[in-house]
Amino acid sequence: QLLGWRLSTTLDGVTTTIAIVETEAYGGSDDPASHAYGGRTNRNSSMFDAAGTLYVYRSYGVHWCANVVTGPAGEASAVLLRGGVPVVGAEVMKNRRGRDDHLTDGPGKLCAALGITGAHDGTSLEHGPVRLMPPMSRDPIRVEEGRRIGISRAVERPWRFVARGIDGSSLAPT
C-alpha cells in the first residue's frame, strides 16, 4: 500500500522527495528474516513503536536503510523502502550521492539521496524531518509481487512489491 506514496525530507531548509516504487515487508517474531525475530533490542527498538514511525538501521555497517513501521505499538512489523523515483530535489540528490544516475534504486541509495541517517530512527513520519505523504496521482499502479531479496531466511515469502510505470515527473507538485 506504500507504493506510489511520497517520502520527503527537509534537512537544513532543503527538501527532497521521492515516490516509493519498491518495498519489502517484514514481520516480527513470526518472520525469521526480520530484525525483530529474536525480540526487542537497542537496534530494533523503533520497530516495536506505533505505525507511522521511521525505523532506520545500518546494513553491513555501511548503508542506512529506512523502514516504515506498520504494526500497532508493541508488535514489530515494518516495510523496507527499497527504491524510489526522484520527484523533488533531484540535483540535491545527485550532490549527496556524487553521481547522476541510480540515485534511489536501492535502500541505501534512497537513504543517501534523501539524507536519511540513524539520527532519524524512531521519528514520526507525520511530524518529523522525514515525512510520508499520499500519492499525487490517483491512477492505478501496476504492482509486481515477488520474493524478498538480500536475505538468507524466509526468502520464499512473496513480500517484495514493485510498482511499474510510475514516472516522477508526473508526480511533482505544481
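The model is predicted, with local features requiring pLDDT of at least 70 and side-chain atom pairs counted only at pLDDT 80 or more, whereas totals for chains, interfaces and linings use all residues. Residues are numbered from 1 along each chain as its sequence is written, and side-chain values use heavy atoms, leaving out hydrogens and water.

**Loop residues**

Select Asp12, which lies in the loop between strand E1 (6-11) and strand E2 (14-26). Strands (E, at least two residues) and helices (H or I, at least four) are DSSP runs, numbered from the N terminus. The phi of Asp12 is near 55°, a positive value in a residue other than glycine. Asp12 is exposed, with a relative accessible area of 82%; exposed means over 50%, buried under 20%, and partly exposed in between (1.4 Å probe, protein chains only).

Select His102 next, in the loop between helix H1 (90-97) and helix H2 (107-114). Here too phi is positive in a residue other than glycine, with a value near 50° for His102. His102 is partly exposed, at 44% relative accessibility.

Now turn to Cys65 and Cys111. A search of the whole structure finds zero disulfides, a disulfide being a pair of cysteine sulfur atoms within 2.5 Å. Cys65 is in no disulfide, and its nearest cysteine sulfur is that of Cys111, 6.0 Å away. Seen from Cys111, the closest cysteine sulfur is in Cys65, and the 6.0 Å between them is too far for a bond. To finish, display accessibility: Cys65 is buried at 3%, and Cys111 is buried at 1%.
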